[in-house]
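Dear colleague,

My findings follow directly after it.

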Amino acid sequence: MTERTELAKKTDSEIQPAMKKNEPVMRPAVDIFEDEGGITLHADMPGVSKDHLKVKVEGDTLSIEGDAEIPMPEGMEPLYADIRATRYQRSFTLGSEMDTEKVEASLKHGVLTLRIPKREEHKPKKIEVRVG
Amino acid sequence: MFGTTALFDELQRIQQEMDAVFGATPWANGIRSSTSSFPPVNVGTAAEEVDVYFFAPGVDPTSLDISIQNNVLSVAGERHIIREEGASYYRKERFDGEFRRTFSLPEDIDPERVDATYKDGVLHVRLQRKESSKPRQIQVS
């Protein structure tokens with residue numbers, strides 16, 4: 001009896017991660033531009049609040065992740081849906097010249113803004129041309 | 001509403017790609033549908049209400065024009081993206097410009113009882129059904 005229960009539990013926990021993998025994810029639309037000081041990224045993530053947003057840098061990979069929270073009345077049935085997932089996910093690789101320690105993130109009206117500055121030594125320096 | 005119907009997702013993706021390449025799909029479009037799919041819309045129905053969600057991030061909510069006429073819900077607005085001058089752009093995927101999306105509502109909507117909220121970039125329009133059309137329990141005597 002006990003053995004059986006344990007076995008059932010084990011199967012459950014093994015199934016869970018696999019199901020998570022199949023969860024549909026959306027790729028948020030982004031604008032990315034670079035200026036002298038660094039790179040700025042804007043990402044559309046409607047429905048995501050600050051508490052459900054995760055921005056992380058691992059090695060040279062920057063990843064953004066968020067869960068949209070949509071208030072729905074009980075017993076609601078879908079009639080039409082352009083959006084069929086609640087999870088956003090996208091990642092980018094960064095060059096070594098980016099200062100990953102100083103990434104700044106803000107979120108307003110469902111738009112994430114990230115500022116990734118360049119390391120001081122990589123910021124462009126003006127070279128004066130002397131006219132001889 | 002957020003079902004995991006992978007087959008439909010795949011079909012939708014194919015349709016979107018075809019739209020992008022050919023401009024239009026061979027089958028008929030809704031007369032009020034537009035080429036722009038911004039903002040994406042989800043619609044759900046419940047016993048007492050119909051809920052319409054417009055996924056429109058980065059929009060000034062006071063600039064949105066929401067109206068109902070002849071049972072058609074229409075939302076118009078503009079998202080103006082300020083481009084940084086002198087910066088080099090690598091990606092410009094986000095929608096920029098004016099938009100309008102319309103949706104035909106079920107017949108029994110009460111146009112007097114509608115409210116709209118904008119939170120985290122999602123415009124949620126709640127439309128109540130008319131009293132007379134709510135499901136009633138009928139007792140057998």
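May I begin with a question: is A:D99 buried or exposed? Please bear in mind that the model is predicted. A:D99 has a relative accessible area of 10%, which is under the 20% limit, and therefore counts as buried. This residue is found in the loop between β7 and β8 (104-108) of chain A. Leaving out residues up to four places away in sequence, A:D99 touches A:I116, A:P117, A:K118 and A:R119.

Chain A as a whole may be described next. Its secondary structure comes to one helix and nine strands, and along the sequence these follow the pattern α-β-β-β-β-β-β-β-β-β. Chain A has 132 residues, of which 35% are buried. When contacts in chain A between residues at least 6 apart in sequence are considered, 53% join residues at least 24 apart.

I turn now to the nonpolar cores. The largest nonpolar core holds 26 residues, and the members that touch the most others are A:L41, A:A43, A:M45, A:I64, A:F92 and A:L112. At least two residues of this core come from each of β2 (30-35), β3 (38-44), β4 (48-58), β5 (61-68), β7 (87-93) and β9 (111-117) of chain A, and likewise from β2 (49-55) of chain B. Another core lies apart from the largest one; it has 19 residues, including B:V41, B:A56, B:F99 and B:L123.

The contact between the chains takes 41 residues from chain A and 42 residues from chain B. The area buried between them is about 3,500 Å², and carbon and sulfur atoms give 58% of it. Six salt bridges are found across this interface. One of the salt bridges joins B:R94 to A:D44, with the closest N and O atoms 2.8 Å apart. The interface also has 21 residue pairs in polar contact. On the side of chain B that touches chain A, two or more residues come from each of α1 (6-22), β1 (41-45), β2, β5 (88-92), β6 (97-104) and β8 (122-129) of chain B. By class, that side has 19 nonpolar, 11 polar and 12 charged residues.

Yours sincerely

Definitions and conventions: Residues numbered from 1 in each chain as written. Chains lettered and ligands numbered in written order. Predicted model: local features only at pLDDT ≥ 70, side-chain atom pairs only at ≥ 80, totals over all residues. Heavy atoms only, no water. Core = buried A, V, L, I, M, F, W, Y, C linked by side-chain atoms within 4.5 Å. Buried < 20%, exposed > 50% of the residue type's maximum accessible area, 1.4 Å probe, protein only. Helix = DSSP H or I, 4+ residues; strand = E, 2+ residues; numbered from the N terminus. Contact = heavy atoms within 4.5 Å. Buried area = accessible area lost by both parts, 1.4 Å probe. Salt bridge = Lys/Arg side-chain N within 4 Å of Asp/Glu carboxyl O. Polar contact = N/O pair within 3.5 Å; in protein donor to acceptor, adjacent residues only side chain to side chain. Nonpolar A, V, L, I, M, F, W, Y, C, P; charged D, E, K, R; others polar.
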